[in-house]
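Dear colleague,

I am passing the structure on to you below, together with some notes on its charged side chains. Please have it open while you read.

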Amino acid sequence: MVVDGKPHPHSFFRDGTETRNVEIYFKRNAGIAIKSGIQGLTVLKSTGSAFHGFIRDEFTTLKEVTDRILCTDVDAVWDWKVFPDLAAVQAVIPAFDAAWEAARQITMDTFAKDYSASVQATMYKMSEQILAAVPMVECVSYSLPNKHYFEIGKSHTSLPRSHEKALNSCG
């Protein structure tokens, strides 16, 4: 992963797996709703991620860690403010590419640079930055499920199942 013009020492991404997506909803007299997004962007950081200080109860299975490997598939969606008509959409066409570039750069930079207290904290930071960078976006959602890789031939049946972490910062 290149961050600030240099290869990052402990953050990586898998080239070629991500897609750029858009969904458009149109309802007569209700405007045009557009969702843009990134799906399947696999990223890994070998240090700089933690998960500790959380509330523990009888259902808690995770151990607290202050430094861990974090690997995930980034799925991000941002909802644009509703456009009144097609002419309004056409008037801002360059904004769609600029927003995707900003969202992808924010995602990559924040993932690499942030000492992540938790995946949820990092997703929140990414969402805040996208909302600030693209005023026409009114809502950002992230899904960052944990990805685990184990050596072949090792028994890991006693490990707890990971659960997908998702954040929706749409109020």
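A salt bridge is taken here as a side-chain nitrogen of Lys or Arg within 4 Å of a carboxyl oxygen of Asp or Glu. A search of the whole structure, which is a predicted model, finds seven salt bridges, and three of them, including those of Lys113, Lys35 and Lys125, are described below.

In one of them Lys113 pairs with Asp4, and their closest N and O atoms are 3.1 Å apart. Because Lys113 belongs to helix H2 (residues 93-113) while Asp4 sits in the loop between strand E1 (2-3) and strand E2 (6-7), this pair ties together parts that are 109 residues apart in sequence. Lys113 is partly exposed, at a relative accessible area of 46%, whereas Asp4, at 57%, is exposed.

Another salt bridge joins Lys35 to Asp79, with 3.3 Å between the closest N and O atoms. Lys35 lies in strand E5 (residues 31-45) and Asp79 in strand E6 (residues 70-80), so parts that are 44 residues apart in sequence are tied together. Here Lys35 counts as partly exposed, with 29% relative accessibility, and Asp79 counts as buried, with 18%, because buried means under 20% relative accessible area.

The side chains of Asp114 and Lys125 also meet in a salt bridge, at 2.6 Å from N to O. Asp114 is in the loop between H2 and helix H3 (119-133), and Lys125 is in helix H3, 11 residues apart. Asp114 is buried, with a relative accessible area of 12%, while Lys125 is partly exposed at 34% relative accessibility.

Note on methods: Residues are numbered from 1 along each chain as its sequence is written. This is a predicted model: local features need pLDDT of at least 70, side-chain atom pairs count only at pLDDT 80 or more; totals for chains, interfaces and linings use all residues. Side-chain values use heavy atoms; hydrogens and water are left out. Helices (H or I, at least four residues) and strands (E, at least two) are DSSP runs, numbered from the N terminus. Buried means under 20% relative accessible area, exposed over 50%, partly exposed in between (1.4 Å probe, protein chains only).
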